[in-house]
Every structure is written in structure tokens, then in C-alpha cells.
Amino acid sequence: MPRVVWLLVIGMAVNVTGSSFLWPLNTIYIHDQLGKSLSVAGLVLMLNAGASVVGNLIGGTLFDKIGGFKSVLLGIGITVTALTGLSFWNDFFAYVVFLTIVGFGSGIVFPSMYAMAGSVWKEGGRKAFNAIYIAQNAGVAIGSALGGLVASFSFDLIFAANTFMYIIFLCIAVFGYKGIKAENTQSSVIAESGAIKNHTKLYALLTLCIGYLLCWVGYVQWQSTISTYTQELNISLSHYSLLWTVNGALIVLGQPLISPLVKRINSLKLQINIGIIIFIVSFAVAAVAQEFSAFMASMVILTIGEMLIWPAVPTIANSLAPKGREGFYQGIVNSTATGGRMIGPLLGGLLVDFYGISMLFMVLIGLLIVSIFTTLIYDRKLKENKQLAHAS
């Protein structure tokens with residue numbers, strides 16, 4: 001793996017370690033510490049994720065226009081400023097404002113990181129995106145473990161630790177990313193902007209991302225409704241954080257086991273759908289869970305599914321992107337994931353508040369079935385165009 005990709009991997013690990021101090025505990029903090037309902041907590045997280053969607057789209061466009069280095073610095077700068085404010089002021093109103101700004105700033109960073117990885121190691125294919133994905137989950141494992149421990153002493157320390165990790169990330173970006181040169185091929189975008197095949201590829205990506213969004217709507221319940229549900233079952237904060245530690249550690253340590261499976265599945269579409277089916281099994285287990293061990297089993301199953309789905313979608317986006325538009329396409333993927341994180345907590349909170357946790361799991365399984373269908377059909381037009389091209 002090239003040195004520049006290693007720098008991106010290290011930066012991503014530090015970035016996500018910092019954010020993982022806070023995001024698994026957001027709903028618990030709003031619900032238990034600030035005394036708000038699950039629906040209100042979902043609305044706050046929706047604002048955070050909505051700002052991140054905007055950040056994703058702007059970040060992807062900025063990558064194409066001004067490059068990854070400047071885009072990443074801008075995103076980190078905004079995030080550090082908001083986290084510093086959150087460290088000093090974290091009553092409900094301040095929490096909502098600063099958390100929304102954090103979502104925007106961090107949203108700018110992610111598509112640029114993915115686009116830089118894809119641009120500087122094109123021959124690596126899915127390996128570049130998988131490396132970034134593994135780095136994210138190493139950060140999840142470390143951050144969640146430390147976050148649960150720190151929160152058991154004081155939630156205020158969580159905000160300070162998050163800020164400190166982002167400052168380290170800023171230093172890595174300033175000294176490590178300036179020399180990264182992504183291929184600039186804007187002229188080809190202009191030349192190909194009116195080509196029908198590019199629109200077809202964009203529509204294919206958007207169709208695929210519908211299913212991707214629905215998967216995230218389900219996945220994010222573990223950070224919102226399921227997190228508070230575990231508290232009602234008297235599962236401690238440290239045990240809940242342990243679920244995310246196992247999630248991140250399994251993704252990092254399980255690569256030697258999952259890689260041979262991925263190599264045997266020679267279709268990214270099939271890989272995603274196998275992952276979605278595994279998600280369904282995970283939620284079926286969680287639906288009947290009452291003890292910590294059952295939730296742990298459900299999380300392990302969920303983790304296997306995400307190891308198949310999450311790296312595959314940005315890989316497909318990179319293969320579909322016209323030259324010079326890699327950042328924009330990665331922005332679509334990241335904003336879709338963030339859209340799922342935006343809709344999920346509010347939808348889940350409303351379902352649980354009005355109909356109970358059992359209804360939530362039924363709805364989630366239904367949404368995942370829909371995502372299997374969208375994944376099956378996303379490239380239908382691409383295949384038709386390819387057949388017409390061969391025929392002519």
C-alpha cells in the first residue's frame with residue numbers, strides 16, 4: 001500500500017477515534033442527561049446528520065475544485081471550532097447548535113478522504129476503500145471503549161477528549177496531506193458532460209444509494225433507539241460501549257477471515273445483498289434479545305454484514321465516476337449514508353415512542369427487503385446500454 005494511503009488511513013483512524021468518544025452516547029446523553037424524549041433526541045441527531053449531508057456534497061465538490069488538502073483542512077477547522085465550543089457549553093440549546101456544526105464540518109472531510117484514496121491508488125481498486133474503512137473501524141473500537149470508560153466518570157470529559165483528537169487529526173493533515181496530488185482531469189468532465197452514459201451511471205449510483213440509505217436507517221438504530229433500549233434493560237454504559245468496541249475490533253481483526261470470502265464473491269452486487277440478508281438476521285436476533293449476550297451476538301452478526309456492504313458501495317461509486325468527478329460521486333455516497341443517519345434516529349424514535357420496540361424491528365426488516373430489490377436493479381440500464389453498444 002503506498003505511503004500516501006497509509007497517511008490517509010492513520011488520519012482517518014484518529015478522526016474516527018475522536019468522534020467515537022461521542023456519537024455512540026449522543027442519544028443516551030440527550031435522553032438521560034438532558035431529559036429529552038427519544039423523538040427529540042432523534043430530531044437533534046437528524047439536524048446533525050442533515051448538516052453532514054450538506055457537508056458531504058460541498059466536500060465532494062470542493063475536492064474536485066480546490067483539491068483534497070484544502071477541503072480536509074476546512075472541514076477539520078470547522079469541526080474543531082464547534083467541538084471547542086461544546087467543551088465549554090453543553091446545555092440543550094448549545095448542544096443542538098454545536099452538534100449541527102460538527103456534522104457540517106466532519107461531513108466535508110469524509111468524501112475528500114475517500115476521493116484522495118481512490119485517486120492516488122487507482123490500481124488498488126477496492127483495497128484503498130477497504131483500508132479507509134478498516135481505519136474507521138479501528139477508530140470506532142478504540143474511541144467507543146475509551147468513551148464508555150470516560151463517560152462513566154464525566155460526560156464533560158467526552159467533549160474535551162473529542163476536541164483533543166481532532167486537533168491531532170489537524171496536525172496530521174497539515175503535515176501529511178499537503179503533498180498528496182490527486183489526478184486533476186477537469187477537461188474530461190466538460191468533454192463528457194453531455195454524454196448520456198454519464199447520466200446513466202449517475203442514475204445507477206442513485207438507485208444503489210436508495211438501498212444503501214435504507215441499510216443505514218437500520219444500522220443507526222444501534223446508536224439511537226437500541227442504545228436507550230439497552231439502558232431500560234439495565235445494561236450498563238460500559239457494556240453498551242463494549243458492543244461498539246467489539247464491532248470495530250472484529251472489523252479490523254476479522255479481515256483475514258472476510259478477505260477470502262470477498263475474493264470468492266466476484267460480484268459486488270452479490271456481496272452487498274449477502275450483507276443485507278445478514279443485517280436482517282441480526283435485527284431478528286436483536287428483536288428478541290433481553291440479555292447482554294444476545295445483543296452481543298446480534299452485533300457480531302451485524303458487523304459481518306457491514307464488512308460486506310460498507311466498502312463495496314464507495315468502490316462501485318469510484319468505478320462509475322467520470323474522470324474529475326470522483327469527489328462528487330463519493331460525496332453522494334457519503335451524503336446517502338449520512339441521510340440514513342439523519343432519518344433513522346427520528347423514524348426510530350417516533351416508532352418506539354408511539355408503537356414500541358417490536359414495531360421498529362418489523363419496519364427495519366421490511367426496509368432491508370426493499371434495499372435488496374434496489375441493489376438487484378441498480379445496474380440494469382448500464383447492462384442494456386452495454387448490450388446496445390455491442391450490437392451496434
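Buried residues have under 20% relative accessible area, exposed residues over 50%, and partly exposed residues fall in between, with a 1.4 Å probe and protein chains only. By that rule K383 is partly exposed, because its relative accessibility is 46%.

1. Basis. This is a predicted model, in which local features need pLDDT of at least 70 and side-chain atom pairs count only at pLDDT 80 or more, while totals for chains, interfaces and linings use all residues. Residues are numbered from 1 along each chain as its sequence is written, and side-chain values use heavy atoms, with hydrogens and water left out.

2. Salt bridges. Three salt bridges are present in the structure; the term requires a side-chain nitrogen of Lys or Arg within 4 Å of a carboxyl oxygen of Asp or Glu. One of them joins D379 to K269, with 2.8 Å between the closest N and O atoms. This pair links distant parts of the chain, 110 residues apart: D379 sits in the loop between α17 (357-377) and α18 (380-391), and K269 in helix α13 (residues 268-288). Helices here are DSSP runs (H or I, at least four residues; strands are E, at least two), numbered from the N terminus.

3. K381 forms a salt bridge with E384, at 3.8 Å between the closest N and O atoms. Both residues lie in helix α18, three residues apart, which is about one turn of the helix. K381 is exposed, at 54% relative accessibility, whereas E384 is partly exposed, at 36%.

4. Aromatic pairs. The whole structure contains 17 aromatic pairs. The rule takes rings of Phe, Tyr and Trp (its six-membered ring) with centres within 6.5 Å; planes under 30 degrees apart are stacked, over 60 edge-to-face, and the rest tilted. Y219 and W244 make an edge-to-face pair, 5.9 Å centre to centre with 70° between the planes. Y219 is in helix α9 (residues 196-219) and W244 in helix α11 (residues 237-253), so the pair ties together parts 25 residues apart in sequence. Y219 and W244 are both buried. Ring pairs link Y212, W216, Y219, W244, F279 and W310 into a cluster.

5. Cavity. The count is one cavity of 30 Å³ or more. A cavity is a set of points on a 1 Å grid over the protein atoms alone where a 1.4 Å probe fits but cannot get out, and lining residues have an atom within 4 Å of a point. Points are joined across faces, edges and corners, and the volume is the space filled by probe spheres set on them. The largest cavity holds about 900 Å³ of space. Its lining has 45 residues, and W23, F110, Q136, W216 and R341 lie nearest its centre. By class, 25 lining residues are nonpolar, 18 polar and two charged; nonpolar covers Ala, Val, Leu, Ile, Met, Phe, Trp, Tyr, Cys and Pro, charged covers Asp, Glu, Lys and Arg, and polar the others, Gly among them.

6. T303. T303 belongs to helix α14 (residues 292-309). T303 is buried, because its relative accessible area is 0%. Leaving out residues up to four places away in sequence, T303 touches N247, L250 and I251, a contact being heavy atoms within 4.5 Å.

Conventions: 1 Å grid on protein atoms, 1.4 Å probe; cavity = no way out; pocket = protein on both sides within 12 Å on 5 of 7 lines; lining within 4 Å.
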